[in-house]
Amino acid sequence: MIAIFDYGAGNLRSVQNTLGELGCEYTLVRDRDGLRRASKILLPGVGHFGQMMRALDALEVRQTLIERIAAGVPFLGICLGLQALFESSDEAPEVSGLGVFRGTVRRFPDTVRVPHMGWNELAVTAPSALVRCLNARPYVYFAHSYYVPRHEHASATCTYDVTYTAVLESRNVYGVQFHPEKSGPVGLQIVRNFLEMPPC
């Protein structure tokens with residue numbers, strides 16, 4: 001079962017449309033049992049880091065998400081869903097992330113217009129299962145004010161005043177800072193690549 005986790009504020013319709021266009025059957029889930037039945041998990045995210053993490057805690061799914069990731073279930077975090085994988089964020093320093101990876105999500109400096117919104121190119125920096133069957137510097141659509149600094153598991157980066165993690169891949173864990181559901185054929189291919197991932 002492909003599960004899209006609905007915590008109440010994600011950009012679900014666009015993600016649902018993308019999976020529908022790919023001919024993929026999926027289920028919206030909002031609880032621990034749904035996550036435990038999932039063979040793959042997508043966590044779309046828009047909005048505020050603190051609100052998202054509080055919503056996950058209110059639904060009592062924080063530990064279940066961590067456990068399913070540790071069990072090898074393929075996981076894709078989109079935008080805020082990527083940021084949730086880290087320990088904390090400048091957006092809500094008092095709130096803990098999932099802590100799958102160490103580090104803090106940072107805010108873009110005041111020297112650039114925030115949010116970073118629109119099309120920008122990816123620089124693929126490592127062999128990538130997620131960004132395959134694409135050209136070397138594909139363009140994708142971003143909408144965010146906070147970013148994950150360049151990470152050891154980044155397979156692609158983007159530069160907007162600073163160079164940051166745009167695609168993260170580590171075993172069964174995948175994350176993208178951009179919105180594949182808004183990135184046209186390139187985004188469709190990235191989601192297709194994730195759906196084809198075998199479990200670890």
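1. Cys24 takes part in none, and the nearest cysteine sulfur, belonging to Cys133, sits 17 Å away. With a relative accessible area of 16%, Cys24 is buried. Bear in mind that this is a predicted model, so read everything below that way.

2. Cys79 is another one to look at. Its closest cysteine sulfur is in Cys158, and at 12 Å that is too far for a bond, because a disulfide calls for sulfur atoms within 2.5 Å. Cys79 has a relative accessible area of 5%, so this cysteine is buried too.

3. On to the aromatics. Searching the whole structure turns up 9 aromatic pairs. Take Tyr147 and Tyr164: their ring centres are 5.8 Å apart and the planes meet at 50 degrees, which makes the pair tilted. The two tyrosines come from distant parts of the chain, 17 residues apart, with Tyr147 in strand 10 (residues 146-149) and Tyr164 in strand 12 (residues 162-170). Both Tyr147 and Tyr164 are buried.

4. That pair belongs to something wider.

5. Helix 3 (residues 49-58) is worth a look for its buried side. Phe49, Gly50, Met52, Met53, Ala55 and Leu56 are the buried residues there. As a reminder, an α-helix has 3.6 residues a turn, so residues three or four places apart point the same way.

6. What do the buried residues of helix 3 pack against? Their partners are both strands and helices: strand 1 (2-5), strand 3 (40-45) and strand 5 (86-89), along with helix 4 (62-70) and helix 5 (80-83). Just past the end of helix 3, have a look at Glu60, whose phi is positive at about 60 degrees.

7. Last, Thr18, which is located in helix 1 (residues 12-21). Is this threonine buried or exposed? Thr18 counts as buried, because its relative accessibility is 7% and the cut-off for buried is under 20%. Setting aside neighbours within four places in sequence, Thr18 is in contact with Glu181, Leu188 and Val191.

Definitions and conventions
Residues are numbered from 1 along each chain as its sequence is written. This is a predicted model: local features need pLDDT of at least 70, side-chain atom pairs count only at pLDDT 80 or more; totals for chains, interfaces and linings use all residues. Side-chain values use heavy atoms; hydrogens and water are left out. Buried means under 20% relative accessible area, exposed over 50%, partly exposed in between (1.4 Å probe, protein chains only). Helices (H or I, at least four residues) and strands (E, at least two) are DSSP runs, numbered from the N terminus. Contact means heavy atoms within 4.5 Å. Rings of Phe, Tyr and Trp (its six-membered ring) pair if their centres lie within 6.5 Å; planes under 30 degrees apart count as stacked, over 60 as edge-to-face and the rest as tilted.
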